[in-house]
Amino acid sequence: MTIQTVDPRALRDAFGAFPTGVTVVTACDGEGHPIGFTANSFTSVSLNPPLLLVCLAKTSRNFAVMSGAQHFAINVLSETQKDVSNTFARPVEDRFAAVEWARGSAGCPIFSSVAAWFECAMEQVIEAGDHVILMGRIEAFDNSGRNGLGYARGGYFTPTLASKAVSAASEGNMELAAVVERRGEVLLLGEDVLSLPSVDAHDGSPTETLQKYLETSTGLKVSIGFLYSVYEGKSDGKQHIVYHAVAGEGDPAGGRFLKPDALVAAKFKTSSTADIVNRFAMESSIGNFGVYFGDETGGTVHPIPAKDAKA
């Protein structure tokens with residue numbers, strides 16, 4: 001048997017192609033103090049008996065308490081709770097002060113305004129390489145009907161928000177574009193004046209149209225990711241929809257990959273393109289993406305919808 005060396009970062013990126021929901025796993029330590037961490041490695045296991053699982057890294061500061069807990073809870077975050085995800089993904093001293101919560105029947109912290117929650121008895125702790133699998137038997141749960149917060153390729157996405165935005169934009173003259181990324185570099189067209197790859201859209205699925213255009217024009221395998229920007233172009237009268245995308249290996253037939261944080265003095269085709277590239281450079285450095293809505297002169301970055309009702 002030949003054992004190949006696996007690049008952990010490349011493998012992590014490949015795993016990130018699978019869109020997931022976002023949860024916060026909670027429990028209590030031996031003194032009854034709440035603990036919790038953000039995780040997207042969560043899945044249902046069985047209806048009868050009612051089982052679920054979540055994976056926990058052995059390097060987690062919560063490892064000892066979580067793996068030894070008799071009960072734990074899964075809080076499936078809603079589209080309005082990106083800030084909660086970020087809080088519980090960072091080493092914040094008092095994470096629970098930033099969220100409204102109450103204790104479940106087994107004492108586990110249950111968050112308000114989540115899409116769903118499950119309180120479980122620890123069924124089994126299974127060794128799994130550099131993680132353990134926490135298997136839980138569901139003792140109580142609730143489903144609020146809210147839409148869940150999504151996560152894919154290092155960024156959040158909000159299914160309802162994206163659907164509404166694309167539907168509204170598609171009613172007019174629409175141009176599709178993409179921030180095509182590969183290992184932190186972005187595909188840009190042009191020599192002296194740079195632009196994002198883009199194509200006019202008419203009928204059909206915007207993502208399918210964009211993917212076909214990108215793969216045909218670049219000769220690369222391209223995966224369309226999350227919605228990144230929706231804005232009205234006052235100068236050209238078009239509705240612009242920009243997606244994040246990831247390119248496969250190879251030299252592009254058109255354009256070149258450049259580091260976005262090295263383009264401060266670069267000249268772009270439009271001010272909107274410059275804003276998109278600069279925002280992407282900033283957001284990718286912290287792994288925290290949002291969706292821009294507005295026009296060429298002003299708008300708002302919405303990491304989550306204003307109103308709607310990773311460990």
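A search of the whole structure finds seven salt bridges, where a salt bridge is a side-chain nitrogen of Lys or Arg within 4 Å of a carboxyl oxygen of Asp or Glu. Before I go through some of them, please keep in mind that this is a predicted model, in which local features need pLDDT of at least 70 and side-chain atom pairs count only at pLDDT 80 or more, while totals for chains, interfaces and linings use all residues. Residues are numbered from 1 along each chain as its sequence is written, and side-chain values use heavy atoms, with hydrogens and water left out.

Let me begin with the sheet. It is an open sheet of seven strands in the order E3-E2-E6-E9-E10-E5-E4, with antiparallel pairing; helices (H or I, at least four residues) and strands (E, at least two) are DSSP runs numbered from the N terminus, and two strands pair if DSSP finds at least two bridges between them. The edge strands, each pairing on one side only, are E3 (34-39) and E4 (42-46), and the twist averages 35 degrees from one strand to the next. Axes here are lines fitted to C-alpha atoms, for helices over the stretch in contact, and angles run from 0 to 180 degrees between N-to-C directions. Helix H3 (residues 82-89) lies across strand E2 (23-28) and E3, and runs at about 110 degrees to E3.

Within this sheet, strand E9 (residues 116-128) and strand E10 (residues 131-143) pair in the antiparallel sense over 12 bridges, and Ile126 stands opposite Ile133 in E10. What ties Arg137 to Glu123? Arg137 forms a salt bridge with Glu123, with the closest N and O atoms 3.1 Å apart, and because Arg137 lies in strand E10 and Glu123 in strand E9, the pair ties together parts that are 14 residues apart in sequence. Arg137 is partly exposed at a relative accessible area of 34%, and Glu123 is partly exposed at 39%; buried means under 20% relative accessible area, exposed over 50% and partly exposed in between, with a 1.4 Å probe and protein chains only.

Leaving aside neighbours within four places in sequence, Met66 is in contact (heavy atoms within 4.5 Å) with Val25, Ala27, Ile35, Phe37, Leu56, Phe72, Met122 and Leu134.

Two further salt bridges deserve a word. The side chains of Glu249 and Arg183 meet at 2.6 Å, N to O; Glu249 lies in the loop between strands E18 (238-247) and E19 (256-258) and Arg183 in the loop between strands E13 (174-182) and E14 (185-188), so the pair ties together parts that are 66 residues apart in sequence. Both Glu249 and Arg183 are exposed.

The other pair, Glu283 and Arg279, meets at 3.2 Å, N to O, and being four residues apart in helix H6, these two are separated by about one helical turn. Glu283 is buried at 4% relative accessibility, and Arg279 is buried at 12%.
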